[in-house]
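Dear colleague,

Please find below the structure that I am handing over to you, together with its sequence. My findings follow directly after it.

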Amino acid sequence: MSLEKCTGLVIRQVDFSESSRVVTFYSREFGRFSALAKGAKRLKGPFDAALDVLSECRLVFIRKSQGTLNLLTEARLASRFQPQLSGASDGLTRLYSGYYIAELLNSLNEDFDPNPELYDVAVEVLAELPRVETQVWSLLVWFELTLLQLSGLLPNLHECSICGEPAESREVHAHWVSQGGVICSDCRREEYRGNLVRSDSLAILRRLSTSGSAVAARLQMNSRQIEECHKLAVSAISDILGKRPKTLRYLQLPR
Ligand SMILES: [Zn+2]
């Protein structure tokens with residue numbers, strides 16, 4: 001048992017009793033962890049409104065031995081995520097994009113396995129999302145690619161996984177999920193039904209995988225490019241998770 005301090009994002013909340021909640025955080029110092037927030041459901045509870053999903057908080061908690069619930073003792077709000085107040089017409093898409101990021105942070109991480117780089121990336125994306133000038137889908141695809149990259153599972157976007165021909169030399173590829181790469185149209189067999197990705201989308205994916213969030217947030221993509229890039233990233237993520245992220249059903253691809 002020890003008293004710990006950290007900075008973390010609220011990524012999940014579950015009711016525990018009439019007045020308490022179990023809150024899951026993704027923190028910079030400890031990675032993911034859950035803690036019991038006693039009185040969190042009371043209007044004038046000890047944590048005020050610090051524990052809304054995607055709020056960034058300064059936290060103090062008592063870390064218990066394995067198998068016992070940690071206890072939250074202090075949560076001070078550092079910043080709140082409220083994209084629907086930014087005045088953008090697609091505020092709801094931005095809000096659900098945030099929930100999607102929270103779901104990925106929760107499902108792709110183990111407790112007490114910190115990754116400060118991933119934490120900083122998530123905070124960056126949550127800061128960019130509410131900005132009216134932000135291209136939401138370019139930013140989301142960037143986050144998906146960065147997540148895959150930080151896990152060492154970014155698909156090879158540079159050449160055909162079978163013949164090794166550079167991706168620029170063919171117009172259409174299919175995403176070969178299990179091999180972590182793409183297959184050119186010459187190598188693809190009838191029975192393989194991977195998502196198709198055209199060369200311009202592959203070029204965008206390569207570009208996004210080497211740029212920062214600010215560049216990604218300004219990158220214009222057409223609706224076909226968004227669909228192809230997002231589908232490729234989601235297939236790779238779903239392969240790791242063993243299922244499709246649930247929040248995606250609320251996120252409508254642009255037409
Ligand atoms: Zn090939």
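This is a predicted model: local features need pLDDT of at least 70, side-chain atom pairs count only at pLDDT 80 or more; totals for chains, interfaces and linings use all residues.

The cysteines may be taken together. The structure holds 0 disulfides. A disulfide is a covalent bond between the sulfur atoms of two cysteines, and the sulfur atoms must lie within 2.5 Å of each other to be counted as such a pair. Cys229 is likewise in no disulfide, as the nearest cysteine sulfur, which belongs to Cys160, is 18 Å away. Both residues are shielded from solvent by the criterion applied: Cys6 has a relative accessibility of 5% and counts as buried, and Cys229, at 0%, also counts as buried.

The axes of H1 (residues 91-107) and H6 (residues 223-241) come within 11 Å and cross at roughly 30°. Because angles under 35 degrees count as roughly parallel, H1 and H6 are roughly parallel to each other. The crossing in which H1 passes H6 is left-handed. On the H1 side, the contact is made by Tyr100, Leu104 and Ser107, and on the H6 side by His230, Val234, Ile237 and Leu241. Of the residues in this contact, 5 are nonpolar and 2 are polar, while none is charged.

Yours sincerely

Technical notes: Residues are numbered from 1 along each chain as its sequence is written. Side-chain values use heavy atoms; hydrogens and water are left out. Axes are lines fitted to C-alpha atoms, for helices over the stretch in contact, and angles run from 0 to 180 degrees between N-to-C directions. Helices (H or I, at least four residues) and strands (E, at least two) are DSSP runs, numbered from the N terminus. Angles under 35 degrees count as roughly parallel, over 145 as roughly antiparallel, 65 to 115 as roughly perpendicular and the rest as oblique. A crossing is left-handed if the near helix is turned anticlockwise from the far one by less than a right angle, and right-handed if clockwise. Contact means heavy atoms within 4.5 Å. Ala, Val, Leu, Ile, Met, Phe, Trp, Tyr, Cys and Pro count as nonpolar, Asp, Glu, Lys and Arg as charged, and the others, Gly among them, as polar. Buried means under 20% relative accessible area, exposed over 50%, partly exposed in between (1.4 Å probe, protein chains only).
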